[in-house]
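We will go stop by stop, with something to select at each one.

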Amino acid sequence: MVKSETIDAEFSEKKEKFDEKKEETKERINETKEKFDEKKEKGKNIADNVINDFYKSIDEFKDSIKNMQKTADQRYSEYKKSTVQTIDIDLVETKEMYFIKAAVPGVTKEDVSIEAGDNDLTIETTFKPYIEEFDEEEGAEVIVSAIKSGRCVKTVRFTNSIDIEKITAKFTNGIVKITIPKLIIPKHKVNVE
């Protein structure tokens, strides 16, 4: 019986050691799992922060681009106001006449000035910007400004002299049609003595 008791005692002792190691292993696994979960949560928080910062950076970049576009549009608008633009015209010539068709939409005939010289003609007007049609209280702002505004001038130089006394101009629906007769000087034969 002594052998059986010894075996039982050894078995019990080994079982206790095994149970202790098993408990220690469980505790280490639990500690490791807790550390892993903590690191996983920290990593998730870091990833969330990185993604949020990334989206925030994209939004800031978009806002920056919009502000740059707005500033560029404002500067372009200021540039257009400070420079003299040209009036769009068609010019047709016959043997005896020049014909000009000038586009001056949005202005009255009183706002169009035409001056003629010996062999040139100048058309001038001022286009009002569309934004001026709005009250300040409305808070309107220009998004795109492609229509001419400000002082606009077009000077046409002719190869022939023109008869400035017989020039005519008609204004209809934002179009000025100008008829310019050529100054035809008859040839005179000179006698040689």
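Before the opening stop, a definition: on a 1 Å grid over the protein atoms alone, a pocket is an open set of points where a 1.4 Å probe fits, with protein on both sides within 12 Å along at least five of seven lines, and lining residues have an atom within 4 Å of a point. Grid points are joined across faces, edges and corners, and a volume is the space filled by probe spheres set on the points.

Please keep in mind that this is a predicted model, where local features need pLDDT of at least 70, side-chain atom pairs count only at pLDDT 80 or more, and totals for chains, interfaces and linings use all residues. Residues are numbered from 1 along each chain as its sequence is written, and side-chain values use heavy atoms, with hydrogens and water left out.

**The largest pocket**

Select Lys128, Pro129, Tyr130, Ile147 and Lys148: of the 27 residues that line the largest pocket, these are the closest to its centre. The space in this pocket is about 620 Å³. Now colour α1 (2-82) and β4 (120-127), the elements that give two or more residues to the lining; helices (H or I, at least four residues) and strands (E, at least two) are DSSP runs, numbered from the N terminus. By class, the lining has 15 nonpolar, five polar and seven charged residues. Here Ala, Val, Leu, Ile, Met, Phe, Trp, Tyr, Cys and Pro count as nonpolar, Asp, Glu, Lys and Arg as charged, and the others, Gly among them, as polar.

Two strands pair if DSSP finds at least two bridges between them. Zoom in on β3 and β4, which pair in the antiparallel sense over four bridges. Alanine 116 stands opposite leucine 121 in β4.

**The four-stranded sheet**

Next, show the open antiparallel sheet with the order β1-β2-β7-β6. β1 (89-93) and β6 (168-172) each have a single partner strand, so one side of each is left without a neighbour in the sheet.

Seven bridges join β2 to β7, and five join β6 to β7 (residues 175-181). At the hairpin of β6 and β7, with two residues between the strands, select asparagine 173, which takes a positive phi near 50°. Threonine 172 has isoleucine 175 as its bridge partner in β7.

**The aromatic pairs**

Finally, show the rings of Phe, Tyr and Trp (its six-membered ring), which pair if their centres lie within 6.5 Å; planes under 30 degrees apart count as stacked, over 60 as edge-to-face and the rest as tilted. By this rule the count comes to three aromatic pairs. One of them is phenylalanine 54 with tyrosine 55, tilted, at 6.0 Å centre to centre and 55° between the planes. Another joins tyrosine 98 and phenylalanine 158: the centres are 4.3 Å apart and the planes at 35°, so this pair is tilted. Tyrosine 98 lies in β2 (residues 97-103) and phenylalanine 158 in the loop between β5 and β6, so the pair ties together parts 60 residues apart in sequence.
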